[in-house]
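Please look over the structure below before reading the briefing.

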Amino acid sequence: MNVLVTGGLGYIGSHTAVALLERNHDVVVVDNLYNADRDVKERIEKITGKSIKFYEGDCVDPEAMERIFAENDIDCVIHFAGYKAVGESVRIPTKYYRNNLDSALTVLETMKNHNCNVFVFSSSATVYRADQKSPLNETMELGASNPYGWTKVMIERFMEDLAVADEDFCGISLRYFNPIGAHESTLLGEKPVGIPNNLMPYICQVADGTLEYLHVFGDDYDTPDGTGVRDYIHVVDLALGHVAALEKLYEQKGMFKYNLGTGRGTSVLELVNAFQEATGVEIPYQIEGRRPGDLATVYADPAKAEQDLGWKATRTIKEACASSWAFQQGLKK
Ligand code: NAD
Ligand code: UFG
């Protein structure tokens with residue numbers, strides 16, 4: 001297949017581009033470099049020994065998207081391009097609704113103009129209504145608690161409507177739980193701009209001395225050690241989930257939804273311990289108050305993806321910690 005990967009120089013997109021190339025698919029990437037470095041293209045090529053076609057462009061720009069489809073015979077799209085900072089989405093909702101909704105709409109419209117019907121979407125565990133009890137499964141009710149989450153719910157809704165209106169459409173929504181880790185080559189990984197919001201990049205910056213200590217947001221949750229529990233999935237497993245979904249559902253029509261998670265919950269302190277054991281680096285931390293909007297426990301029921309797609313996360317938390325740290329150390333060289 002010739003796959004257009006939007007946001008393909010970003011964290012999850014770059015790992016997915018590698019996974020696609022390793023399965024002998026062709027890859028075209030469009031990214032506006034809002035949250036990615038240009039040299040990620042060469043890194044993807046170095047890992048795989050294959051070349052990709054890169055367009056620096058914006059998915060909300062219909063002319064730019066039109067040009068990409070006119071110049072390439074695209075079979076399907078994996079749509080990663082979007083903003084993802086939950087807190088910022090609360091402060092500047094317009095920015096999130098504009099970019100996330102508009103990029104999906106523009107890509108889908110351009111696809112239709114070129115008879116390209118297969119759309120894989122980066123959704124999130126955040127689409128599940130906050131009062132649902134983990135393990136979360138795909139039949140549970142949706143609802144979001146912030147503008148970022150609502151953009152994911154809305155795009156899924158739009159895909160459902162398209163699947164009804166257009167008998168050729170194949171929409172695949174992949175609901176990621178908490179991606180962590182990096183490529184074993186240490187050439188790809190997560191590189192947030194500014195102070196990280198997410199736990200693993202924060203731990204990595206404490207480990208390398210950029211940040212003094214980890215703020216643990218709450219130890220009074222109803223969880224085994226009182227700290228928040230999440231389903232951390234290695235980004236390489238997540239990338240392979242995209243390839244499995246595409247290869248399995250490519251010929252099918254309709255709307256499909258899958259959790260991509262491990263099915264295992266890990267607390268903040270368990271992740272800190274796993275990191276320390278995997279790397280030998282001590283992570284000082286202080287317990288603080290809860291972060292507004294956080295839930296106690298969120299983990300996936302991943303059975304549907306295993307059953308339908310033959311995909312299962314296999315990498316361990318320790319492997320994820322070791323690879324995140326190896327990538328982080330590379331940044332300082
Ligand atoms: P990322 O920021 O590393 O990657 C997104 C990429 O899209 C970046 O390279 C950015 O430059 C690009 N981009 C943004 N807007 C664009 C536009 N209008 N046109 C072209 N390029 C654009 O983020 P990520 O962690 O790789 O996440 C990828 C997708 O997965 C996002 O849609 C995100 O919401 C979703 N997701 C991420 C997580 C997570 O924890 N990382 C969890 C659930 C869902
Ligand atoms: N945490 C800390 N200290 C930190 C950062 C996080 O204690 O500095 C805790 C949080 O309170 C939470 C856990 O670590 O209990 C995980 O927090 P993250 O911010 O890493 O991840 P979230 O589960 O809050 O959210 C992430 C993404 C969302 C996405 C969601 C599900 O940020 O975009 O996973 O996919 F929707």
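**Helix α7 and the model**

Helix α7 is mostly covered, with nine of its nine residues buried. Buried means under 20% relative accessible area, exposed means over 50%, and partly exposed lies in between (1.4 Å probe, protein chains only). This is a predicted model: local features need pLDDT of at least 70, side-chain atom pairs count only at pLDDT 80 or more, and totals for chains, interfaces and linings use all residues. Residues are numbered from 1 along each chain as its sequence is written, chains are lettered from A and ligands numbered from 1 in the order in which they are written, and side-chain values use heavy atoms, with hydrogens and water left out.

**More on α7**

- Helices (H or I, at least four residues) and strands (E, at least two) are DSSP runs, numbered from the N terminus.
- The buried residues of α7 include Leu-199, Tyr-202, Gln-205 and Ala-207.
- Cover for the buried residues of α7 includes β7 (178-180), β8, β10 (232-234), α9 (268-279) and α11 (317-331). Contact here means heavy atoms within 4.5 Å.
- Gly-209 follows α7 and has a positive phi, near 85°.

**Ligand 2 site**

- The shell around ligand 2 holds 23 residues. A residue is near a molecule or strand if one of its heavy atoms lies within 4 Å of it.
- Ser-124, Asn-198, His-215, Arg-230 and Asp-294 are the closest to ligand 2.
- α7 (199-207) and β8 (214-217) each supply at least two residues of this shell. β8 gives the most, with four residues.
- By type, the shell around ligand 2 has 12 nonpolar, seven polar and four charged residues. Ala, Val, Leu, Ile, Met, Phe, Trp, Tyr, Cys and Pro count as nonpolar, Asp, Glu, Lys and Arg as charged, and the others, Gly among them, as polar.
- A polar contact is a pair of N or O atoms within 3.5 Å; within protein, one must be able to donate a hydrogen and the other to accept it, and residues adjacent in sequence count only if both atoms are side-chain atoms.
- Asp-294 places a polar side-chain atom 2.5 Å from an oxygen atom of ligand 2.
- Ligand 2 exposes 700 Å² when taken alone, and the protein buries 88% of that. Accessible areas come from the Shrake-Rupley method with a 1.4 Å probe; for residues, only the protein chains shown count as cover.

**Ligand 1 site**

- Around ligand 1 there are 26 residues, and the closest are Asp-31, Asn-35, Lys-84, Asn-99 and Tyr-148.
- A backbone N or O atom of Ile-12 is 2.8 Å from an oxygen atom of ligand 1.
- Asp-58 has a polar side-chain atom 2.9 Å from a nitrogen atom of ligand 1.
- For Lys-152, a polar side-chain atom lies 3.0 Å from an oxygen atom of ligand 1.
- Alone, ligand 1 exposes 810 Å², of which the protein buries 95%.
- α1 (11-22), β5 and α6 are the elements that give two or more residues to the shell around ligand 1. β5 gives the most, with three residues.
- The residues of this shell divide into 12 nonpolar, 10 polar and four charged.

**Asn-146**

- Asn-146 sits in the loop between β5 (118-124) and α6 (147-165).
- Asn-146 counts as buried because its relative accessibility is 8%.
- A polar side-chain atom of Asn-146 lies 3.2 Å from the backbone nitrogen of Tyr-148. For the backbone nitrogen of Gly-149, the distance to a polar side-chain atom of Asn-146 is 2.7 Å.
- Not counting residues up to four places away in sequence, Asn-146 touches Val-86, Ser-89, Val-90 and Thr-126.

**Three-stranded sheet**

- Three strands form an open sheet in the order β12-β9-β14, with mixed pairing. Two strands pair if DSSP finds at least two bridges between them.
- β12 (266-267) and β14 (297-298) are the edge strands, and each pairs on one side only.
- β9 (residues 229-230) and β12 run antiparallel and are joined by two bridges. Val-229 has Ser-267 of β12 as its bridge partner.

**Gln-276**

- Gln-276 belongs to helix α9.
- Gln-276 is partly exposed, with a relative accessible area of 22%.
- Leaving aside neighbours within four places in sequence, Gln-276 is in contact with Val-281, Glu-282 and Ile-283.
- Gln-276 and Gln-328 are 52 residues apart along the chain, and their C-alpha atoms are separated by 15 Å.
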